[in-house]
Amino acid sequence: MLKRVWRFIKSPDGIQWRHASLDLKLKVLLHLLVLGLVLGMSMSLIIGWLTEILKLDLGPHASQHFFEKSSALTLLFFAVIMAPVLEELVFRGPLSWFREKTYFKYTYYASIILFGYVHLLNFDLFKEILILSPILIGPQLILGSFLGYVRVKMGLGWAIILHASHNAVLLVPILMMKLAKLPLV
């Protein structure tokens, strides 16, 4: 699976799977969900390590205030429904407009980079963050490349499902702490 996705990322094409079974699509979705979470969390550990070594204060993440002030139902709605639907429509929806091989590669890469850099808005922008931006958005770049693959091969609905599943898995510990009334670190 990883080989197939890596080949696509290196040389993306706009060719959709026409006769893939539901079973295959679910397997791809599950594999990419797990792989995206593992790689994203690994990147997050590296980011934490680098900020410690460089003694950088990235400031509070924009989502922290939202997590603290919102109900569990509001968090679930925005993180698992609204964000995946809107972000997939904006960042991966247009991929189908550029299926011609000449432009498709650039559109695919642009969708990944724009998706990643939009997430920099979660930080107070300052010089150190801009310098570290490729590392800070590493998890989003990985996820964006997987979402683009799923969008092209399986369709926009499957990309939304993968994005929603990814956000849901990351949100579960926060929701559990919120429901148990524990402080969010």
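These notes go from the residue to its helix and then to the pocket.

The model is predicted, so I took local features only at pLDDT of at least 70 and side-chain atom pairs only at pLDDT 80 or more, while totals for chains, interfaces and linings use all residues. Residues are numbered from 1 along each chain as its sequence is written, and side-chain values use heavy atoms, with hydrogens and water left out.

I found His163 in helix α8, residues 156-179 (helices are DSSP runs of H or I, at least four residues, numbered from the N terminus). His163 counts as buried because its relative accessibility is 2% (buried means under 20% relative accessible area, with a 1.4 Å probe and protein chains only).

I then checked its partners. The side chain of His163 makes a polar contact with that of Glu88 at 2.6 Å (a pair of N or O atoms within 3.5 Å, one able to donate a hydrogen and the other to accept it). Residues touched by His163 include Ala83, Arg92, Phe115 and Leu147 (heavy atoms within 4.5 Å).

Next I looked at the packing of α8. Its buried residues, among them Trp158, His166 and Leu175, pack against α2, α3, α4, α5 and α7. After α8 comes Lys181, with a positive phi near 60 degrees.

Last, I looked up which helices each supply at least two residues to the lining of the largest pocket. They are α2, α3, α4, α7 and α8 (lining residues have an atom within 4 Å of a pocket point).

Terms used. Buried means under 20% relative accessible area, exposed over 50%, partly exposed in between (1.4 Å probe, protein chains only). Lists of a residue's contacts leave out its neighbours within four places in sequence.
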